[in-house]
Every structure is written in C-alpha cells, then in structure tokens.
Amino acid sequence: MRATQPGLAGPPASDTWKVGDVISGQFEVLEVLGATPGGTSFKVQTVKTGQTMVLKTVHAGTDHEATYAALREPLKIASALKHKNLVQVYGLGRDEDIVFV
C-alpha cells in the first residue's frame with residue numbers, strides 16, 4: 001500500500017498506466033521510473049517524433065479541475081524558461097482524471 005500525504009488521494013498512476021500504454025494519444029510509456037506521495041514518473045516517448053522524455057503525474061485528490069487550473073499558469077511560466085541548469089517543462093495535460101506535467 002502506498003503512503004499518502006494529507007490532501008493527496010486517488011490511485012497512483014502506475015496502477016493505471018503500464019509499459020506500452022499510450023497516454024492521451026501522445027506518449028508511449030517505456031518505463032515506470034518511480035512514485036512518491038505526490039505523483040509517479042514515467043519514461044515516455046512521443047508518438048509523433050519519437051522524442052524521449054519524463055512525464056510526471058500529479059496526485060490531485062478528487063478535485064482534478066482545481067488542480068489543473070492551479071498548475072496551468074505556473075507551468076506556462078516555467079515552460080518559457082530556457083537554461084542549461086533547468087529542466088525543460090513542455091506543458092500540462094490530462095488523461096481522464098489524471099493530471100500530468
């Protein structure tokens with residue numbers, strides 16, 4: 001059983017996505033990298049370009065719309081930042097009730 005933090009609920013995404021699954025028609029899961037109480041990280045490959053990247057879910061509890069809305073602006077700003085010492089943020093997405101970066 002996974003640990004949870006107050007305010008974080010719902011199944012870990014690793015229970016939903018497995019190697020070979022295609023997320024939102026855009027990303028194929030290559031590997032489950034790890035999970036924390038706040039989310040699960042996956043190594044994925046884009047279906048269109050074959051680019052490899054990391055996709056991280058956000059355990060949003062039951063209010064997925066509020067979580068998505070709260071993350072939209074900060075991630076928009078973060079995606080505009082470009083520097084060799086920063087991880088590139090490409091965007092925010094949803095697959096049913098799972099929010100991911």
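The largest nonpolar core of the predicted model comprises 10 residues, namely Trp17, Ile23, Phe27, Val29, Phe42, Val44, Met53, Leu55, Ile98 and Phe100. Such a core is a set of buried Ala, Val, Leu, Ile, Met, Phe, Trp, Tyr and Cys residues joined through side-chain atoms within 4.5 Å, where buried denotes under 20% relative accessible area with a 1.4 Å probe, protein chains only. Two or more residues of this core come from each of E2, strand E3 (39–46), E4 and strand E6 (98–100); strands are DSSP runs of at least two residues, numbered from the N terminus. The model is predicted, with local features requiring pLDDT of at least 70 and side-chain atom pairs pLDDT 80 or more, whereas totals for chains, interfaces and linings use all residues. Residues are numbered from 1 along each chain as its sequence is written, and side-chain values use heavy atoms, without hydrogens and water.

Pairing requires at least two DSSP bridges between two strands. E1 and strand E2 (residues 27–36) form 2 bridges in the antiparallel sense, and phenylalanine 27 in E2 is the bridge partner of isoleucine 23. Isoleucine 23 also has contacts (heavy atoms within 4.5 Å) with Trp17, Val29, Leu55, Asp95 and Phe100, residues up to four places away in sequence not being counted.

Methods: Helices (H or I, at least four residues) and strands (E, at least two) are DSSP runs, numbered from the N terminus. Buried means under 20% relative accessible area, exposed over 50%, partly exposed in between (1.4 Å probe, protein chains only).
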